[in-house]
Amino acid sequence: MQPRNMSMSGVVDLAAVKAAGEAKAKAEQARAEAARQAAQGGGAGPAPGAVPPSALVIDVDEAGFERDVLQLSAEVPVVLDFWAEWCQPCKQLSPLLERLITEANGRLVLAKIDVDANQMLMQQFGIQGIPAVFAVVAGQVLPLFQGVAPEQQIRETLAQLVQVAEDRFGIIGIEVDPNAEGAAPQAPAEIPAGPYDALLEAAVVALDAGDLGGAVQAYKNVLSEDPGNTEAKLGLAQAELLSRVQHMDPQAVRAAAAENPRDPAAQMAAADLDLAGGHVEDAFGRLVDTVRVTFGEDRDAVRVRLLELFEVIGAEDPRVTAARTALARVLF
């Protein structure tokens, strides 16, 4: 999944594919139970522990990051807004994020991080420019986008983030007391279904069932009608990567790569394993080095594979940006 500009795959977790169906079922059961309890209670009021709308937008610093972001992300996806007082684009983006997060009515929380006061967090996230927006779900960091994006694109990004949290992790958010602090009730954000949602859902179902070939075909079906669909591009890149690595013998692949540092096929296979295992920089670095020592068709094959792996991670990820720069230096 991408924001249709969002990377959901800093690490390609093979186990997550298998667990997705179980997590989604858990989320659906939790929602059904909440609805049943609300019906039995006659709509008397929010459940104990419900938070006021003001708790959906918080300021976070380095000292409170583990408690306010990492721990909270087990209950609700936390969107991170890296900003600074001197940043004019931040002053456009931050109010928009605050409004959309509040409209999501407990399915998301916004954590605002002043980079001037939290330089260590800025470095740890590899941020090269602001505004920069990330998310944390179940302790996993997901790059979203950098700079100011159109409102509809951000809405789609947040809707997909909510869906990922439910489908893959069973996280359904926190309950909000809309009447606390005199606030008016907030309605959940409604994102209209896109023309390819059914096909994209078919791809996710195929992934959940372990049918990687079916997932690949479903994503290709979307791209045949809409070549620019970023969610389908990302999904196809991920499904194809999983297809390539699922039957590999890791020891044999890595031994072959070590013995044949100039063999494009051996290095591409090892890079696939690196990326599937979450070693993103290793995968990119391996292929950039291989481009450096190969020529002609071999070099082009490695370059194309590297571009495919960029699709798996997402164009906005700073590791992709760094690898693109390194690739350009090698090629030119």
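Strand β4 (residues 132-137) lines up with β5 in the antiparallel sense, over 6 bridges; two strands count as paired if DSSP finds at least two bridges between them. One of these links ties Val 137 to its bridge partner in β5, Gln 140. In general, strands of a sheet pair through backbone hydrogen bonds, either parallel or antiparallel. The model behind all this is predicted, with local features needing pLDDT of at least 70 and side-chain atom pairs counting only at pLDDT 80 or more, while totals for chains, interfaces and linings use all residues. Residues are numbered from 1 along each chain as its sequence is written, and side-chain values use heavy atoms, with hydrogens and water left out.

Zooming out, β4 and β5 belong to an open sheet of 5 strands, in the order β1-β3-β2-β4-β5 and with mixed pairing. At the edges sit β1 (57-59) and β5 (140-146), each pairing on one side only. Neighbouring strands of the sheet are turned by 25° against each other on average, direction ignored; the axes here are lines fitted to C-alpha atoms, and angles run from 0 to 180 degrees between N-to-C directions. The protein as a whole has 13 helices and 5 strands, taken as DSSP runs (helices H or I, at least four residues; strands E, at least two) numbered from the N terminus.

What about the inside? Buried residues, meaning those under 20% relative accessible area with a 1.4 Å probe and protein chains only, make up 45% of the 332 residues. The largest nonpolar core holds 49 residues, and Val 79, Leu 80, Phe 82 and Ile 154 touch the most other members. Such a core is a set of buried Ala, Val, Leu, Ile, Met, Phe, Trp, Tyr and Cys residues joined through side-chain atoms within 4.5 Å. Elements giving two or more residues to this core include β2 (78-83), α3 (88-103), β3 (109-114) and α5 (151-169). A second, separate core of 28 residues includes Ala 270, Ala 276, Leu 309 and Ala 323. Val 79 has contacts (heavy atoms within 4.5 Å) with a list of residues that includes Ile 101, Val 109, Phe 134, Leu 144 and Leu 158, leaving aside residues up to four places away in sequence.

Finally, a search of the whole structure turns up 1 disulfide, defined as a pair of cysteine sulfur atoms within 2.5 Å. This disulfide joins Cys 87 to Cys 90, with 2.4 Å from S to S. The link is right-handed, with 80° about the S-S bond, and both Cys 87 and Cys 90 are buried.

Terms used:
Buried < 20%, exposed > 50% of the residue type's maximum accessible area, 1.4 Å probe, protein only.
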